[in-house]
Amino acid sequence: MIPLSVLDLATVSSGSTPADALRDTTALAVFAEELGYRRFWVAEHHAMAAVASSAPAVLIAHLANATTTIRLGSGGVMLPNHAPLVIAEQFATLEALYPGRIDLGLGRAPGTDHVTARALRRAADLRATSFPHDVVELISYLVPQESPPHPAPTPGSGYLPEIWLLGSSTFSAQLAGQLGLPFSFAYHFAPALLDQAVATYRAHFESSRFLDAPYLMVAASVVCAPDKDVARWLSGSSALNIVQRAQGRPGPLPSPEEAAAYVMSDAEAALVNETQSSYLVGTPEHVVDGLRQLAVRTGADELMVSTRVHSLAARRASLSLLAAQWALSASDAVSVQKGATDVP
């Protein structure tokens, strides 16, 4: 069985504060490490009432200090919002402080609305046309070379985090392949382009100092509970949050009680069903079966799970149930394989 990792958005739930959300994310990272997850990533979002992870580098430093072995990273840093040199300095510093544990996942979306993106970038042009050049420039600051670029950050060259490209379309898939970088696809919110992006990544892959062969991770939304009805009840928080954002009234993630009390229109229900079409919600057996099918479909080398539910306790329970069932499935697979080889 391939490794599992975790994507967390530092979710601000109704009745809580951003400080509470950051404390919960820290506790969840420690718990994920105890359960044996490979990575724990946080994503850059801005001006979102339900998300407190606006400064990934700062949060990653805190998470790394609270853990000892799990890899910490960005899923991702939205590079068009920043100068490549700034990100190189931040993540080289993290790598110097926590060597061998830092991932730098790069995305080209703004991670916010156009008004906030303009405030971040201080420019009227919000297109990400320079993204490929910016990625190459950033890498040049971090990779040791005979003629280092000017300026040369310190920490910089030689303090190299694991660099990933993230994507929800074929654009970053192609670029990741051409640069020989690992690629993570956002199946959790862009399922329609999964197969095309995976094929594009593999078709354009060229070996590099980073990789000899393609390395693919696929991110999926999951809610795991002992009972399927409980899992569906917990996922109601995310469903109502989708409706609230569509109505232009974003807020903290609602409680499942709030979600259960809300009566959706047919149009709202259709929107939720479309948005959550790729979600894996149910018992551990159901969720693991869905993840295994996803791994077979894509040939993924790793899977990442995102669980947006109202409470830390529910998130911990979902990760714990999933890890246990994943390990059980791995044991079963080994037993079946061993039994097959024992047959005369």
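Good morning. The structure is a predicted model, in which local features need pLDDT of at least 70, side-chain atom pairs count only at pLDDT 80 or more, and totals for chains, interfaces and linings use all residues. Residues are numbered from 1 along each chain as its sequence is written, and side-chain values use heavy atoms, with hydrogens and water left out.

I begin with the chain as a whole. The protein chain has 12 helices and 9 strands; these are DSSP runs, helices being H or I of at least four residues and strands E of at least two, numbered from the N terminus. Its radius of gyration is 20 Å, close to the 20 Å that the globule rule gives for 344 residues, so the chain is as compact as a globular protein of that length. That radius is taken over C-alpha atoms, and the rule is 2.2 Å times the number of residues to the power 0.38.

Of the 344 residues, 50% are buried. Buried means under 20% relative accessible area, exposed means over 50%, and partly exposed lies in between, with a 1.4 Å probe and protein chains only.

Let us turn to helix α6, residues 170–179. Which residues of α6 are buried? They are Ser172, Ala173, Leu175, Ala176 and Gly177. Their cover includes α5, β5, β6 and α7. At the start of α6, a side-chain oxygen of serine 169 comes to within 3.4 Å of the backbone nitrogen of phenylalanine 171. After α6 comes glycine 180, with a positive phi near 65 degrees.

Threonine 200 lies in helix α7. Threonine 200 counts as buried because its relative accessibility is 14%. Leaving out residues up to four places away in sequence, threonine 200 touches Thr170, Ala173 and Gln174.

Two further helices deserve a look. Tryptophan 326 is placed in helix α12, residues 312–342, and counts as buried at 8% relative accessibility. What does tryptophan 326 contact, leaving aside its neighbours within four places in sequence? The residues are Met1, Ile2, Leu4, Val288, Leu291, Arg292 and Leu303. Valine 86, in helix α3, counts as partly exposed at 36% relative accessibility. Valine 86 and proline 153 are 67 residues apart in sequence, while their C-alpha atoms are 8.9 Å apart in space.

I close with the backbone. Most residues other than glycine have a negative phi, and most peptide bonds are trans. In this model, a cis peptide bond joins glycine 75 and glycine 76, with omega about 5 degrees; glycine 76 lies in strand β3. A cis peptide bond also joins threonine 154 and proline 155, with omega about -5 degrees, and proline 155 lies in the loop between α5 and β5.

Two alanines have a positive phi. For alanine 10, phi is near 50 degrees; this residue is in the loop between β1 and α1. For alanine 47, phi is about 55 degrees; this residue is in the loop between β2 and α2. Are these alanines buried or exposed? Alanine 10 counts as buried, at 0% relative accessibility, whereas alanine 47 counts as exposed, at 62%. Thank you.

Methods
Contact = heavy atoms within 4.5 Å. Polar contact = N/O pair within 3.5 Å; in protein donor to acceptor, adjacent residues only side chain to side chain.
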